[in-house]
Amino acid sequence: MSERRSKAAAGRRRKPRLLNERITLVHGAGGKATRNLVEALFLGELGNPLLAPLSDSALLEAGGAKLAFTTDAHVVQPLFFPGGDIGSLAVNGTVNDIAVSGARPLVLSAAFVLEEGLPISDLRRVVASMAEAAREAGVVVAAGDTKVVERGRGDGLTVTTAAIGLVDERVSLGAEKVRPGDKVIVSGTLGDHGMAVMIARGNLELEVEIASDSASIYPLAESLFTLGEDLRWLRDPTRGGLATTLNELTEASGLCVVLDEKALPVREQVAAACEILGLDPLYVANEGKLIAIVAADRAEQALATLRAHPLGAEAQIVGEVEPEPKGLVLLQTAFGGSRVVDMLAGDPLPRIC
Amino acid sequence: MKYVDEFRSGELARALASELAEAMPPGRELALMEVCGGHTHAIYKHGLDELLPPGLELVHGPGCPVCVIPVGRVDDAVALALEPNVIFTTFGDMMRVPGSKGSLLDARSRGADVRMVYSPLDALELARANSQREVIFFAIGFETTAPSTAVTLLQARAQGIGNFSVFCNHVTIGPPLKAILDAPELRLDGLIAPGHVSAVTGSRVYDFIAAEYGRPVVVAGFEPLDILQSVLMLVRQLAQGRAEVENQYTRVVREQGNPRALEAIEQTMELRDSFEWRGLGSIPRSGLRLREEFSEWDAERRYAVPGVSVPDHKVCQCGQVLRGLVKPWECKVFGNACTPESPIGTCMVSSEGACAAYYHYGRNRPKRLSR
C-alpha cells in the first residue's frame with residue numbers, strides 16, 4: 001500500500017471525534033460529519049447491541065417474531081415538489097429502511113411538528129399524500145402525535161415516522177455476507193429525488209422537469225428475497241447518494257467496490273442539471289431506489305426480476321466487489337482512467353466558476 | 001448527453017494518448033502546470049493522469065478562487081458576517097474555509113445570518129427583498145466571476161439599492177503566474193491556461209509567458225479530451241522548440257476576450273497596489289477593489305474590517321501546494337489532521353483545490369515521485 005493510501009486509511013480508522021463546538025449544517029449532510037456525530041456522540045451515550053450496527057433498522061426478537069424497527073425525521077424545503085411531498089417522503093423513507101433490512105413493513109407511527117400559520121390546506125394535502133403512500137406500501141399509520149410551535153420556529157412542517165416490519169426468513173443480509181466477485185445492482189436511475197428538490201426550490205433558474213423518485217421499494221426488495229442467501233446486502237441510497245452508501249459497505253466489509261461509469265443509469269435531465277451545477281449524481285439523494293449486492297451467478301436473474309417490475313425497469317449491474325484495495329469504492333471512468341469515489345464530506349455545493 | 005459525451009470518449013482518449021506518447025521528445029522529462037483548479041478536478045475525476053506517458057508530469061497551479069484567499073480575509077468575512085443586522089452572502093465553498101477563529105459556517109452556528117447564493121445577483125435580490133437589513137456579498141474569484149460582481153454593482157447603482165455592499169476579493173490571473181515563473185524553486189516547461197478566465201480576458205494576457213519566459217501556453221477547455229489535447233499541443237511545441245500562446249478552447253475563447261465583461265470590470269473596479277495571496281504572499285497589482293464612485297457599495301469602506309494579515313496554520317502547506325512545490329499527499333497533515341470534513345487549509349475545502357481533488361479521487365494512485 002502506498003504511503004498516501006495508508007495515511008488516508010489510518011485517517012479513516014481513527015476513533016471518531018467531534019471537534020466542533022456547535023452543530024453546523026455539515027452534520028446533517030449524510031456524509032462523514034454526520035457519521036462522526038452519530039458515532040462520537042449518540043453511540044457514545046446511547047450505544048447498545050441493537051443500535052451499534054448503525055444499519056437502516058434494528059433487528060430484534062419479540063415473542064418469537066423477528067422484527068425490524070426504524071425511525072426517520074423528515075425536513076424538506078419546499079414541502080411539495082414534482083413527484084412527491086413531505087408526506088409521501090415520510091412514509092416511503094421509513095418503509096424503505098424496513099424493506100432493505102429484509103423485512104415486510106407492518107405499521108407506522110407519525111409525529112407532526114406544525115408551525116403556527118401553516119395553511120390547513122397544505123397539511124391536508126400532506127396527510128392525504130401520506131395516506132396514499134401508506135396504502136401503496138401496504139402499511140397503516142397506527143400511532144401519531146401533533147405539536148404546534150411558534151411562527152418562525154418550525155420550518156412549516158416536519159414529520160417523524162417510525163415503522164415496525166416483520167423479518168423475511170428467506171434472507172439474512174449484512175455487509176459480512178458480501179464476497180469478492182459479487183455484483184452490484186441498482187434498481188434505476190440515480191439522483192432524481194435530490195435534483196427534483198434542488199430545482200423545486202426555484203433559485204437555480206433551471207428550466208427542466210425532474211420528478212422525485214419517491215416510492216416504496218418493498219415490492220422490489222421482496223422480489224429479490226427469493227434469492228435467499230445469494231442476496232447479500234440491500235440499501236436505499238438516500239442522503240449522500242450511491243457513493244456514500246457504497247462507502248458504508250466497503251468500510252464495514254473491508255472489501256472494495258469497483259463501479260463502471262458507463263453502466264451507471266442517470267436520466268439525461270439529471271445528468272445535464274448536475275453538469276451545469278458541478279454536482280455528481282453519485283452523491284445526489286434517491287428516495288425510491290435500492291442497491292443490491294448479489295452473488296455473481298445470480299446477478300442476471302436478479303436483474304431480470306427487478307426489470308420485470310415497473311419501478312425496476314431501468315435496473316443495471318453497475319459494478320463488482322473486489323478484495324482490494326480494502327475499504328475503497330473505485331470508478332472506472334468512461335474516459336479510460338480510474339478514480340476513488342469517496343464519501344460525501346459536506347452538502348453537495350454548486351461550483352463557483 | 002449531447003455536447004458532453006463526445007468530449008469524454010474513451011476511444012478518442014486512447015488515440016490521443018498514443019499520439020502523445022509518440023510526440024514526447026526522447027529522453028526529456030516535462031513538467032506542465034495546469035493553472036486552473038477546474039482542470040485539476042477534471043484530471044482526477046476522469047482519471048486522465050493515468051493516460052499520460054512516462055516522463056510527463058502535471059503540476060497543480062494557483063487557479064482555485066477559494067484556495068488563494070488568505071486566512072486574514074476569511075477572518076474579515078467572519079467579522080462582517082457577525083455585524084448586527086447583516087445578511088452575509090457567499091458562494092457555498094467559501095462557507096467551510098477555516099479562518100483563525102472558525103469558518104463562516106461556524107459563525108452561522110453562533111447566530112450570524114450567512115446565506116449561500118449562486119450569483120451576486122441573488123444577493124442583490126435578497127437586499128431588495130429585505131430593505132431593513134444590510135446585505136453583503138463576499139466576492140471572490142478571478143476574471144471569471146468578477147464580471148458578474150461588476151454587473152451586480154452597476155444594477156445596484158442603477159436601481160438605487162443602498163442596503164447592499166460587496167466585500168471585494170477579486171484577483172487577476174497574470175500576476176500570480178509571473179510570481180510562480182519568477183520563483184527559482186520550480187522549473188516548468190509549459191502552462192495549461194484556464195479556459196473560463198481566458199473567455200473574459202482573452203488569450204493575450206499570457207503573451208508575456210511565451211515572450212519573456214520562453215514557455216509555451218495552451219488555453220484549454222474543461223472536458224478531459226480538451227485537457228489531453230492541450231497537453232499534446234504543449235508537448236508538440238516543446239518537441240519543436242516553439243514557445244507560443246495557442247488556443248485549444250476555440251469554441252469559447254477569443255483572442256480579445258469578452259470586451260463587454262472587461263468593460264463592466266473596468267467601470268466598477270480598479271487594481272489595488274497589492275493584495276495578499278495564500279502561499280504567494282503580497283503580489284503588487286494583483287487584486288481588485290471597488291472604484292471610488294462605488295464606495296457606497298464597498299463593504300470595506302462601510303464597515304470596520306479588521307484587515308489583519310494572519311499566517312497560515314503552522315502545519316498547513318497549502319502555500320507550497322498552490323505554487324506546485326509540494327504534492328498534496330506530501331503534506332504532513334494530508335488525510336490525517338486535514339480532511340475535507342475538517343480542513344486545515346483551503347486546498348482541502350474547495351472542490352477545485354488540489355488536495356480535495358487528490359483526497360476525493362486520487363487515493364488509489366501509486367505514489368509518483370515529484371522532483
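1. In this predicted model, B:Glu57 and B:Lys327 are joined through their side chains by a salt bridge with an N to O distance of 3.0 Å. Because B:Glu57 belongs to strand 2 (residues 56–63) of chain B while B:Lys327 sits in the loop between helix 13 (318–322) and helix 14 (354–362) of chain B, the pair ties together parts that are 270 residues apart in sequence. Both B:Glu57 and B:Lys327 are buried.

2. A salt bridge also pairs B:Arg73 with B:Glu300, and its closest N and O atoms are 3.3 Å apart. This pair links distant parts of the chain, since B:Arg73 is in helix 3 (residues 71–81) of chain B and B:Glu300 in helix 12 (residues 299–302) of chain B, 227 residues apart. B:Arg73 is buried at a relative accessible area of 12%, whereas B:Glu300, at 24%, is partly exposed.

3. Over all chains the structure holds 41 salt bridges. Among them is the one between B:Arg115 and B:Asp113, at 2.9 Å from N to O, in which B:Arg115 counts as partly exposed at 28% relative accessibility. In chain A, a network of salt bridges links A:Asp192, A:Asp213, A:Arg267, A:Lys289 and A:Glu314.

4. Turning to helix packing, the axes of helix 1 (residues 10–23) and helix 10 (residues 224–239) of chain B come within 10 Å and cross at roughly 15°, so the two helices are roughly parallel to each other. Helix 1 of chain B passes helix 10 of chain B in a left-handed crossing, and the residues of their contact divide into twelve nonpolar, one polar and two charged.

Note on methods. Residues are numbered from 1 along each chain as its sequence is written. Chains are lettered from A and ligands numbered from 1 in the order in which they are written. This is a predicted model: local features need pLDDT of at least 70, side-chain atom pairs count only at pLDDT 80 or more; totals for chains, interfaces and linings use all residues. Side-chain values use heavy atoms; hydrogens and water are left out. Axes are lines fitted to C-alpha atoms, for helices over the stretch in contact, and angles run from 0 to 180 degrees between N-to-C directions. Helices (H or I, at least four residues) and strands (E, at least two) are DSSP runs, numbered from the N terminus. Angles under 35 degrees count as roughly parallel, over 145 as roughly antiparallel, 65 to 115 as roughly perpendicular and the rest as oblique. A crossing is left-handed if the near helix is turned anticlockwise from the far one by less than a right angle, and right-handed if clockwise. Ala, Val, Leu, Ile, Met, Phe, Trp, Tyr, Cys and Pro count as nonpolar, Asp, Glu, Lys and Arg as charged, and the others, Gly among them, as polar. A salt bridge is a side-chain nitrogen of Lys or Arg within 4 Å of a carboxyl oxygen of Asp or Glu. Buried means under 20% relative accessible area, exposed over 50%, partly exposed in between (1.4 Å probe, protein chains only).
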